[in-house]
Amino acid sequence: MKIAVVVFPGSNCDIDLYEALHMVLDADVEYVSHKCEDLSAFDAVMLPGGFSYGDYLRCGAIARFSKVMPEIVKMAKAGKPVFGTCNGFQILTEAGLLPGALKQNDSLKFVCKTVPLRVENTKTPFTHQYRQDEVIELPIAHADGSYFADEATLAELETNGQVVFRYVDENPNGSLHDIAGICNKQGNVLGMMPHPERAVEALLGNEDGLRVFRSLLENGTVKTEES
């Protein structure tokens, strides 16, 4: 599997994603510019955290119109794995690849700490190595991470099992339904505010994020009831 890590102006977690895949897992991964207009050589794509285009207008609102985005939409529609963390999640919602939006934290403050999450869906290309309802810990670092959607959308997410990660014990940003990460209906597009790429080595204190990437590399397909 060949994986693209997109670099937007203002990205600052692209190196974290790249090294989690390259150094820790020896994966075939490559940086790709936001100006790239052809991702046909890649099997999966990752959108990093950071402050794309300075977070002007809204977080991810300008990145959504980058030249690379039509290719990312094409990959998503083709069923290829698409992943966005933090700012990447914001971009995916702005692009309409995931429902809802990320708004300013209820505290009106930037929050940076490690939080507990419950794994709600283990049938995505990124989560099948986790156990259903397993509680893990991942770092967060955001000021605009409060997930918001209307009641109909929230009900649909819950009914379809599209909530992939949920905050437990505490809600650090005011996300509705304690949502920390969601996927699309097909399950191949995942967006999450926590940073699994910052939790892949015991030396740094935590390996709970490693299975996100191992899941992708070992079986990057959507799991069904039959499988």
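Trainee: What percentage of the 227 residues of the protein count as buried?

Mentor: Of the 227 residues, 54% count as buried, where buried means under 20% relative accessible area, exposed means over 50%, and partly exposed lies in between, with a 1.4 Å probe and protein chains only. This is a predicted model, in which local features need pLDDT of at least 70 and side-chain atom pairs count only at pLDDT 80 or more, while totals for chains, interfaces and linings use all residues. Residues are numbered from 1 along each chain as its sequence is written, and side-chain values use heavy atoms, with hydrogens and water left out.

Trainee: Which residues does the "active site" annotation cover?

Mentor: According to the unreviewed UniProt entry, the annotation covers Cys86, His195 and Glu197, although such annotations may be inferred rather than shown by experiment.

Trainee: How do you know that these residues cluster in space?

Mentor: They are spread over 112 residues of sequence, yet the largest C-alpha distance among them is 11.1 Å.

Trainee: Why is histidine 195 called buried?

Mentor: Its relative accessibility is 1%, so histidine 195 falls within the buried class. Leaving aside neighbours within four places in sequence, histidine 195 is in contact (heavy atoms within 4.5 Å) with several residues, including Cys13, Thr85 and Cys86.

Trainee: And why does glutamate 197 count as buried?

Mentor: Glutamate 197 has 4% relative accessibility, and therefore it counts as buried too.

Trainee: What joins the side chains of glutamate 197 and histidine 195?

Mentor: They are joined by a polar contact of 2.6 Å. The term requires a pair of N or O atoms within 3.5 Å; within protein, one must be able to donate a hydrogen and the other to accept it, and residues adjacent in sequence count only if both atoms are side-chain atoms. The distance of 2.6 Å between these side chains can be set against that limit of 3.5 Å.
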